[in-house]
Amino acid sequence: MDKKSVLITGGNGFLGSALTSHLRRRYSSVKSSIRVQNTDKFTSDAVIEVGAINKSTNWDKALIGIDVIVHTAARVHIMHDSSSDPLDDFREVNTYGTLNLAQQAADTGVKRFIFISSIKVNGESTERLPFKVNDSYIPTDPYGLSKYEAEVGLHKIAKETALEVVIIRPPLVYGPGVKANFATMMKWVNKGVPLPLGGITENKRSLVSVDNLVDLIAICIDNPNAANETFLVSDNDNVSTTGLLKKMAVALNVPSRLIPLPVSWFTFVAKLLGKPAISRRLCGSLHVDISKTTDLLNWTPPYGAEQSMKKTADAFLSNIKTDGAVASMAIRSIDVLMAVLGLIVTSPILFIVALIGYFDTGSPIFIQERVGRDKKPFKLIKFRTMPMDTKSVASHLANTVSITKLGRFLRKTKIDELPQLINVLKGEMSLVGPRPNLFNQKELINERDSRGVYDILPGITGLAQVNNIDMSTPKLLAETDKKMMETLTIKNYFIYIFQTITGRGSGDAVN
């Protein structure tokens, strides 16, 4: 066992936890930092609890005897809040927090600092040529820019001190326990949802399994050639979007139900939604050149893409079985059936409203981040009823003057809610459940959290909705949601839906 002492930041994260487990089998002392809000105390030799990571965090006790730091902790997501600038929030952790830790490490005598950056430092997409380490580019994306600025600062520290800096820029990382878009795609494939992604065959996407990334990080701890270098990493098996979904289907042992729609269809839909970035992510390429990594470090990915995908799928299926013990399979089955039927029956209405809405506001679809089950974020989909520049607030805080003429009709008839059937089909919502709130509604979040309301999926309608109880009364709403949870039966489920269809309740009312 190597006598090096290693500190891993972000030890309770997806990458940090996998890396901690791997390195503890190799090194005599591995400390792992975890973030615990509102505390700065340090605990055992193995686990260090810290508060928010920023330019003021004091790492003195954590750095005692440390030879190498692997900095995986980062801010990846920003909840939508009009009161803060996303770039400022990203910089606070990813730039200032990183440079503060690196400077303290240099002052303490730490030998090597391994920074897990992002491929976004290279850019958002490639065309014919793959990304290379020495590409000259300054990101415009707030997350990518915060990582880029951290890299610039780290190079400066390395020049002025004896600290050796190693930078690794991974693309999308997947593996057992992966979240976000990768997990969402896996859910859709496993459920057999027909996906209109079978025609995206010409792009190239580089991915890296968490096992391959952990292996490279372990190499960079000891390899002298890694000092003050930057590396790109991948599985070295670039796939198209269609190819990736087919690999998932094979790993999950389900048929791949892919509809071969042309790429131009996605461009049109993305423009209609006002979300061109969606088309770039689905149809664009992001291909990285790892030749420097393989040549300088004599490293090749030890785990094949198929092997890694199978391991990811097995963990995903295992989690589904565990979750199934808690979820109501009967209601979920009805949700899926009714969502499919609802989308089919109302498809002419959806098309007409989308077309009229395009001329009404320029972007007929409204997508907003809401609080989902277990307080996880998801994107709620509705028809837009207000102009695009309207401030994002809860409906009860909005004003009627903000609503367009078409919007008044959509809200009165509740047609604006129909696109949420997509959320239901994706498993992010149920037809019946507590209405999902925004992340900035702190009082309501506290009231609901104390009553276990976030233990179930949010819904399109429910007991509060049909009784005109909205988010302006957080305590009453949370109490009503709790009552609905405790009394929800198949009979009540259909009663709430029937009452909503026949006009009971005001929907998301405004002042």
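Me: In which hand does H2 pass H3?

Reply: A crossing is left-handed if the near helix is turned anticlockwise from the far one by less than a right angle, and right-handed if clockwise; helices (H or I, at least four residues) and strands (E, at least two) are DSSP runs, numbered from the N terminus. Here H2 passes H3 in a right-handed crossing. This is a predicted model, in which local features need pLDDT of at least 70 and side-chain atom pairs count only at pLDDT 80 or more, while totals for chains, interfaces and linings use all residues. Residues are numbered from 1 along each chain as its sequence is written, and side-chain values use heavy atoms, with hydrogens and water left out.

Me: At roughly what angle do the axes of H2 and H3 cross?

Reply: Axes are lines fitted to C-alpha atoms, for helices over the stretch in contact, and angles run from 0 to 180 degrees between N-to-C directions. For H2 (residues 86-108) and H3 (residues 142-160), the axes come within 8 Å and cross at roughly 20 degrees. That makes H2 roughly parallel to H3, since angles under 35 degrees count as roughly parallel, over 145 as roughly antiparallel, 65 to 115 as roughly perpendicular and the rest as oblique.

Me: Which residues of H2 and H3 meet?

Reply: Contact means heavy atoms within 4.5 Å. The residues that meet include Leu87, Phe90, Arg91 and Leu99 in H2, and Tyr143, Leu145, Glu149 and Ile157 in H3. The residues of this contact divide into 11 nonpolar, six polar and two charged, where Ala, Val, Leu, Ile, Met, Phe, Trp, Tyr, Cys and Pro count as nonpolar, Asp, Glu, Lys and Arg as charged, and the others, Gly among them, as polar.

Me: How do H4 and H6 cross, and which residues make the contact?

Reply: The axes of H4 (residues 180-191) and H6 (residues 241-252) come within 10 Å and cross at roughly 60 degrees, and H4 passes H6 in a right-handed crossing. From H4 the contact takes Phe182, Met185, Met186, Val189 and Asn190, and from H6 it takes Leu244, Leu245, Met248, Ala249 and Leu252. By class, these divide into nine nonpolar, one polar and no charged.

Me: Why does Asn253 count as exposed?

Reply: Buried means under 20% relative accessible area, exposed over 50%, partly exposed in between (1.4 Å probe, protein chains only). Asn253 counts as exposed because its relative accessibility is 69%, whereas Asn228, at 42%, counts as partly exposed. Across the chain, 51% of the 511 residues count as buried.

Me: How far is Ser125 from Leu286, in sequence and in space?

Reply: Sequence separation and spatial distance are read as a pair. Ser125 and Leu286 are 161 residues apart in sequence and 4.8 Å apart in space, C-alpha to C-alpha. Ser125 lies in the loop between strand E5 (112-116) and H3, and, leaving aside its neighbours within four places in sequence, Ser125 is in contact with Phe131 and Ser285.
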